[in-house]
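Colleague: I would like to go through this model feature by feature. Please give the general idea where there is one, and then the case here.

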Amino acid sequence: MNELPRKIILIVLLTTVFTSAFSQLKYEKESRLKRTDIPPLANKMIESLAISGKIKWYSEESLTGNTVEAKFRYNEKNYSLEFDNEGNLQDMEITIDTTEIQENVKEIIFKKLESVFNKYSIYKIQVHYPGKNPEILSIIKNPQKETTNNVKYELVVNGKTGNTTKQYEMVFDNNGILTEKKEITQKNADNLEF
Amino acid sequence: MPTTLSFRWYILIFPLLLFTVKNGNAQSIYRVGTMPSVNINFGLPNNWALHFKTESRLLFQSGQFGKEPVRDFYYVLSDISMIASRKTGLNTNLGGGYLVRILENQVIHRTIQQFSIVSQYNRFRLAHRFSADQSFNLNPNEEVKLKYVQYRLRYRIAAEFPLNGQSVDAREFYLKINNEYLYGWQNSGNDIEIRIVPIIGYNFVDKSKLELGLDYRLDSFLNATTRNSFWLSVNWFFRI
């Protein structure tokens, strides 16, 4: 093979790797799950919570694999519990507002957002609790004000850079340090706009 | 979200009540037909896009409520339009374009301006579209001797609900409901038109959707004889 095409291929590959390393596109596809398809272990765990409201089960497909999610509303908060296909708890997400983030962590997050965007607005905030310890389920019945270690904050942010506004999913660790940033592709709205 | 439930009730009940009231008028006339359309969007650089649309109307039946209908299949018109639009923000779009309406014995020209806002909520999308159009008859003939300009202001609210999951993904069905209000005036006359369009759609992939539903229109609202139109709406949306 000639030297020049080889160099071009290498440059293209390296460019792709470096530009995609930090900022990626988010892909998720979810569909409702029939009762018979819910992993028994996951179902048992949710039933043990004795939630009075409706619980919706989804199968979620993403770039990292397939999972099962249970979503419900309890005490005016939206909860989402994610399980693997065997029914083992992976993590719990709770939708919160900015006032529920620790003040010092919030300040670091907002400073980061101000440095990344000319202008931004926060569409949604979720706090992630890792699921390795099933005792995190006790948070549902006993919400705690202090966060634990390994908690993450996932923000959906409408951010403007230059003249363009896009939507991003940004994940911050418990200290407010940005660990992940993905652009959320807006779904086609031609059938609504025209 | 408190307003979600009340919005859903509004979008279903109010237009149905309106239809019931107007249907009670024995003088009302109606027509039934089909209205297929093809919508092709071309994405351009710098958030620009071109929207090309062609739509036809075919009439099957018309008449007055309570009387024997006239069943006669005939072609009513074809519309060909092109709108250039630009995303002005994450959820907003501004556009302007031109439409040519071809009828049996005349051609009508129309200029269009529109602004739309699409918002994503937890389990549905809501769109507001504000538009204005101006229609011209530039070539008077024996049957339509006068040149005219008709002005219209329009507001449309549309909601799209996924029928599987929390968002409309590829290979999934959705429900879409449009409700539009049009106010038009020409010379000294004016009129209001209300449209309600419930539709079932199928998302093949994000850039290809097929929709089927009923386009109900109530016009000649301010006159003694109101007109009800029932069009079978078949729409294909494709983005290149």
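Modeller: Start with the order of elements in chain B, which from the N terminus reads α-β-β-β-β-β-β-β-β-β-β-β. That is one helix and eleven strands. Keep in mind that this is a predicted model.

Colleague: How many helices and strands are there in chain A?

Modeller: Chain A has five helices and ten strands. Of its 194 residues, 42% are buried, while in chain B buried residues make up 45% of 240.

Colleague: What share of the accessible surface do carbon and sulfur atoms supply in chain B?

Modeller: In chain B they account for 64% of about 12200 Å². In chain A carbon and sulfur atoms supply 51% of about 11500 Å².

Colleague: Next, strand pairing. Which strands of chain B pair with β7(B)?

Modeller: The general idea is that side chains in a regular strand alternate between the two faces of the sheet. Here, strand β6 (residues 125-136) and strand β7 (residues 149-162) of chain B are antiparallel and paired over twelve bridges. One of the bridge pairs is H128(B) with I157(B). Strand β7 of chain B is also joined by twelve bridges to strand β8 (residues 172-186), again antiparallel. There, A158(B) has N178(B) as its bridge partner.

Colleague: Which side chain forms a salt bridge with R154(B)?

Modeller: Side chains of opposite charge can pair when their charged atoms come close. R154(B) meets D133(B) at 3.1 Å, N to O.

Colleague: Where is W231(B), and what is it in contact with?

Modeller: W231(B) lies in strand β11 (residues 227-239) of chain B. Its relative accessibility is 0%, so W231(B) counts as buried. Beyond its neighbours within four places in sequence, its contacts include R31(B), M35(B), L59(B), D215(B) and R217(B).

Colleague: Which residues have the most contacts inside the largest nonpolar core?

Modeller: In soluble globular proteins, nonpolar side chains tend to be buried together. The largest nonpolar core here has 39 residues, and those with the most contacts inside it are W57(A), F72(A), L81(A), F83(A), M92(A), I140(A) and Y153(A). Among the contacts of W57(A) are L33(A), I46(A), V68(A), E69(A) and F83(A).

Colleague: Which residues form a nonpolar patch on the surface?

Modeller: F42(B), L44(B), W48(B) and I240(B) do, with about 380 Å² of accessible area together. W48(B) belongs to strand β2 (residues 48-64) of chain B, and its relative accessible area of 41% makes it partly exposed.

Conventions:
Residues are numbered from 1 along each chain as its sequence is written. Chains are lettered from A and ligands numbered from 1 in the order in which they are written. This is a predicted model: local features need pLDDT of at least 70, side-chain atom pairs count only at pLDDT 80 or more; totals for chains, interfaces and linings use all residues. Side-chain values use heavy atoms; hydrogens and water are left out. Helices (H or I, at least four residues) and strands (E, at least two) are DSSP runs, numbered from the N terminus. Buried means under 20% relative accessible area, exposed over 50%, partly exposed in between (1.4 Å probe, protein chains only). Accessible areas come from the Shrake-Rupley method with a 1.4 Å probe; for residues, only the protein chains shown count as cover. Contact means heavy atoms within 4.5 Å. A nonpolar core is a set of buried Ala, Val, Leu, Ile, Met, Phe, Trp, Tyr and Cys residues joined through side-chain atoms within 4.5 Å. Patches are made of residues with over 30% relative accessible area and no salt bridge: like charges are joined within 9 Å, nonpolar side chains (Val, Leu, Ile, Met, Phe, Trp, Tyr) within 5 Å. A salt bridge is a side-chain nitrogen of Lys or Arg within 4 Å of a carboxyl oxygen of Asp or Glu. Two strands pair if DSSP finds at least two bridges between them.
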